[in-house]
2 protein chains.
Amino acid sequence: MKPRKRRMTKLPADGPTDAAPVVTLEMVAREAGVSSSTVSRILNGTARVRDGKARAVQAAIAKLRFQPNPVAQSLARGKSMTVGVLTQSLESPFYAEALASIETGLLRANYSPFFMSGHWRDEDERRCVEHLLNRRVEGIILLTSCLPERELVELSRQVPLILTGRRVDAPRIVSLDYDSTQSARLATEYLLDQGHRQIAFIAGPHDHPDALQRYNGYKSALAGRKLPFNAKLVVAGDYYDGGGYAAMTRLIEAGTKFTAVFAANDQSAYGAMLALHRHGLGVPRDVSLIGFDDLPGSAFTIPPLTSVHRSIDEIGQCAALAMVDLIEGRAPLIRLSAATLAIRESTRPLHP
Amino acid sequence: MKPRKRRMTKLPADGPTDAAPVVTLEMVAREAGVSSSTVSRILNGTARVRDGKARAVQAAIAKLRFQPNPVAQSLARGKSMTVGVLTQSLESPFYAEALASIETGLLRANYSPFFMSGHWRDEDERRCVEHLLNRRVEGIILLTSCLPERELVELSRQVPLILTGRRVDAPRIVSLDYDSTQSARLATEYLLDQGHRQIAFIAGPHDHPDALQRYNGYKSALAGRKLPFNAKLVVAGDYYDGGGYAAMTRLIEAGTKFTAVFAANDQSAYGAMLALHRHGLGVPRDVSLIGFDDLPGSAFTIPPLTSVHRSIDEIGQCAALAMVDLIEGRAPLIRLSAATLAIRESTRPLHP
DNA sequence: ATAACGTCTGCAAGCGCTTTCAAAATTACA
DNA sequence: TGTAATTTTGAAAGCGCTTGCAGACGTTAT
């Protein structure tokens, strides 16, 4: 059979393709006068090699500007060097920020991420996972997945998993459960400390684990102070501005009294803020508002939003590191710093 | 040599790996009693196959739940089925939204994107491109790249390119140049139509092509009305909230008079809004403010921000489609709808 | 010197799929 | 019914890299 001329970078004939000087291991080997195995070994440091040859090979690599083809490496090693990252919505600043740090974390270990978004829908999420698995990712990072625990455990038997925002115990699952319950409680207690007693809560997506934690935190703070829980003060949101707006509008129009609001995430808080404004209610003059996530934009709302702060960057880094550890068979060591309150200007003591 | 037991999904021994039933073409072929070439052909529809066999193979595929290994396909075909997407900052809602639609667009054609962020720094951008090239992507989508034209042309000889926000002409480059100049002019003219004459401009990153276009649009609108251009009214920003805040603060403190502000992008506008607020200036009461990009959040600022709207989603879709066309040697057909003004509540006529 | 051991290195067999080539099986045509 | 023209198929050669094995070279001990 005569040699093919197909080349990795050869493209459908049109335009002046740059003679695609794709250099292969073989060429380097020939250039250096050694076998390709030797070159490979030098490249991977998998065996001692006589000094002279090593130098010759290095020289050849430099001269030819050789770069190993990761596709071939993947196939030969049976490792794709990619990991899947599933977010719920790429559009949300929260995820975007997390992705950015996951990206850098992964890259450092030479893995490349495949991002996908599940849109808070389990069926979309399933489709994404399917796609990722098919792409042969070596692990999947699931940011606040909404899949049932059972499926996750099942999935973890195929690839290692990193989960954020919830806890699932299984051998190959690492849960970065940054305990939203506790953080939500922190926010609520802050409001309580400021003297507020009628605190409304704008919830997140119905029956989502993380959203549930936030809700529970709210309730437990109330319970902790022996204060009654009033279901009328809880309105459903969807983690988006629009949902927050609608929720707040409903709340106001229902006529329920409240002096403070805790929104399950900052985006909802933005929406709520506008709704309050529309009804002539000033923040924090008439109602105090606190958010959750402390998005970068929250320092620039009017007034700047008080919010629960967690280092998203840290979470991302940690997820990436843990993923690599898991893939390479090390026991991941996770250390997340606790959430804090970014106190800004959207809250104030009830009776100054 | 005895057969290896390495498997694509086989992982470093620990935890109950799920017996990784990785099915290969060969197994399907054996199961169906045909050769692997036949299976491959059926899979790709690259040749007619007798009906009976085709059915047998389909059955075998279904039974074994076979999924071709994309890594092997990539190697054999010399096509990686991946494309690189370079954003400037994953954290920015603008890019996040674009990525989401690029993702879906690409996926539909069975390509997977690799996202990376260049942070508005050419050297970072270069590094990313390097990495992508090394990963053997078949094309790169550069969202508002800041690389010099020369390099882009050079790069386009290696892989096809899609550029947004600027125009570069070369055989394998498609520029999605949605003409920011014109759009910026639109915004400025709107302000002029409202009777404003002292219009400040908060610029984008220094010497960035797209930022420059917006600046030019501002100037040309002024020139179009034979109005003097006042350099004191132009302040440098960086496309981020913080930069907008700083710029506006500087402007106010310099004491220059102005009745309206055009911010080169919405994020800058957010920052500017806060700065105005801090100085007791109401929007739009005391100064009208207009942004650019119409981020999803802009409908929820207080007051909701008037902004230049372009369908980011459309841009993303278009970029993805064009990329696929370019890769597969078709002539991409691009049709972007013009920018419009999303008129909300941050602007008002000067003398009502 | 020679045997007994390391230390290097090249050969060749894969990884799982595509594709060329030529042989085999059909079908068409006289 | 024989032969030419097709259409289907399988064997085998890659794609570019890794790696088990065994031979080639030194070393060191006897």
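Predicted model: local features only at pLDDT ≥ 70, side-chain atom pairs only at ≥ 80, totals over all residues.
**Entry 1**

Next I looked up which surface the copies use to meet. Of the interface residues of chain A, 100% are also interface residues in chain B, so the copies meet through the same surface.

**Entry 2: around DNA strand D**

I then asked which residues surround DNA strand D. I got 30 of them, and the closest are Leu25(A), Ser40(A), Thr38(B), Arg41(B) and Arg48(B). What does the protein come up against on the DNA side? Of the atoms of DNA strand D within 4 Å of the protein, sugar and phosphate account for 66%.

I checked some phosphate oxygens of DNA strand D one by one. For Leu25(A), a polar backbone atom sits 2.3 Å from one. As for elements, α2 (36–44) and α4 (70–77) of chain A, along with α2 (36–44) and α4 (70–77) of chain B, are the ones that give two or more residues to the surface near DNA strand D. I sorted that surface by class too: 11 nonpolar, nine polar and 10 charged residues.

**Entry 3: a sheet in chain A**

I traced an open sheet of six strands in chain A, with mixed pairing and the order β7-β6-β8-β9-β10-β11. Which strands stand at the edges? They are β7 (234–235) and β11 (340–342) of chain A; each has a single partner strand, so one side of each is left without a neighbour in the sheet.

I zoomed in on one pair. Strand β9 (residues 288–293) of chain A runs parallel to strand β10 (residues 306–309) of chain A, and they pair over four bridges. Phe292(A) stands opposite Val308(A) in β10(A).

**Entry 4: salt bridges**

My search of the whole structure turned up 38 salt bridges over all chains. I picked one to look at: the side chains of Asp124(A) and Arg127(A) meet at 3.2 Å, N to O. Both residues lie in helix α6 (residues 122–134) of chain A, three residues apart, which is about one turn of the helix.

Key: Residues numbered from 1 in each chain as written. Chains lettered and ligands numbered in written order. Heavy atoms only, no water. Near = heavy atom within 4 Å. Polar contact = N/O pair within 3.5 Å; in protein donor to acceptor, adjacent residues only side chain to side chain. Nonpolar A, V, L, I, M, F, W, Y, C, P; charged D, E, K, R; others polar. Pairing = 2+ DSSP bridges. Contact = heavy atoms within 4.5 Å. Salt bridge = Lys/Arg side-chain N within 4 Å of Asp/Glu carboxyl O.
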